[in-house]
Structure formats: C-alpha cells, structure tokens
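Welcome, and thanks for having the viewer open. Let's walk through this model one selection at a time.

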Amino acid sequence: MAEQHHLAFNTHGRGAVEITDDIAAIVRSATVKIGIAHVFVCHTSCGLAITENADASVRRDLEMLMQRWAPDGDAAYRHDMEGDDDMAAHARSLLTGTSVSVPFADGKLQIGTWQGIYLFEHRTHGHHRDIVVTLLG
C-alpha cells in the first residue's frame with residue numbers, strides 16, 4: 001500500500017523549521033498502518049534533516065558549520081544568478097539532503113525522543129517550499 005500527501009511551507013529565510021508535527025499528522029490519519037514515511041523536498045536550495053529537537057543551540061551550531069563549509073559569495077563560485085547566497089544554498093542542500101525516511105507504526109512516527117524532522121532553508125530570504133510525503137507499507 002502507498003499514500004502520497006503534499007505539504008507547503010513559507011520560510012522566513014535561512015534557518016530550520018521543525019515539520020515533525022506536520023509529518024506526524026499525516027501518519028496519524030493514514031490508512032497505511034506500518035511502513036516508511038519518505039519525506040522529499042522539491043527544491044535545490046533547501047534541505048531536510050533529522051536532528052536534535054530539544055536544544056535550539058544545536059541548530060544554530062549546524063548553521064554556523066554550514067557557513068564555514070559553504071560560505072556565501074565565495075569568489076570561486078561561478079553560479080551566482082540569484083545573488084551571493086545562490087551557490088552556497090545549493091551546496092548546503094547537498095549537506096542536508098533533499099529527503100529523509102522515517103519508520104512508522106500504528107499511527108506514530110518511530111523517531112527518538114530527541115529527534116525532530118526539519119526543513120532547512122538555505123537562502124537568506126524566505127521562499128515557498130513544497131514537500132511530498134509518501135507512505136509505503
């Protein structure tokens with residue numbers, strides 16, 4: 001069995017938005033009772049990750065690391081059609097990835113106590129982001 005759902009988010013610029021509750025709501029209402037929730041973001045300048053959900057300093061530190069690994073406006077970048085953050089955002093999406101998969105059973109995500117699912121916006125300005133959630137069971 002499979003089900004597919006669509007979510008949309010408007011981000012406010014660079015940073016992490018927790019979407020765990022949105023994914024959990026889909027799983028709760030699903031006809032599929034046990035399986036995998038595959039979450040995919042349909043963009044190349046943002047990403048998805050499962051990370052610490054209790055201490056916001058973890059996400060701030062992750063952002064600091066991404067700034068080191070993929071700085072805005074690096075003179076070596078050739079791709080800058082949409083500004084100084086353009087190529088850096090694409091590189092950061094490779095670091096976070098464009099999808100995560102989470103097992104579920106009996107209407108509940110099977111994630112750890114301190115885990116959350118996050119949409120990471122890698123552009124400095126807000127954007128509309130579309131996510132596809134596919135439940136396979």
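Before the first stop, two terms: strands (E, at least two residues) and helices (H or I, at least four) are DSSP runs numbered from the N terminus, and two strands pair if DSSP finds at least two bridges between them. The model you are viewing is predicted, with local features needing pLDDT of at least 70, side-chain atom pairs counting only at pLDDT 80 or more, and totals for chains, interfaces and linings using all residues. Residue numbers start from 1 along each chain as its sequence is written, and side-chain values use heavy atoms, with hydrogens and water left out.

Stop 1: Zoom in on Leu48: its bridge partner in E7 is Leu119.

**Stop 2: the five-stranded sheet.** Which order do the 5 strands of the other open sheet follow? They run E1-E8-E3-E5-E6, with antiparallel pairing. Strand E1 (2-10) and strand E6 (108-109) stand at the edges with a single partner strand each, so one side of each has no neighbour in the sheet. Select strand E3 (residues 34-41) and strand E8 (residues 128-136) to find the 6 bridges that join them. Within this pairing, Ile36 stands opposite Leu136 in E8.

**Stop 3: Thr134.** Stay in E8 and pick Thr134. Is Thr134 buried or exposed? Its relative accessible area is 17%, so it is buried (under 20%; exposed is over 50%, partly exposed in between, 1.4 Å probe, protein chains only). Its side chain makes a polar contact with the side chain of Gln4 at 2.8 Å. Such a contact is a pair of N or O atoms within 3.5 Å; within protein, one must be able to donate a hydrogen and the other to accept it, and residues adjacent in sequence count only if both atoms are side-chain atoms. Leaving aside neighbours within four places in sequence, Thr134 is in contact (heavy atoms within 4.5 Å) with Glu3, Gln4, Ile36, Ala37 and His38.

**Stop 4: Asp106.** Finish in the loop between strand E5 (99-105) and E6, where Asp106 lies. Asp106 is not a glycine, yet it has a positive phi of about 50°. Asp106 counts as exposed, at 67% relative accessibility.
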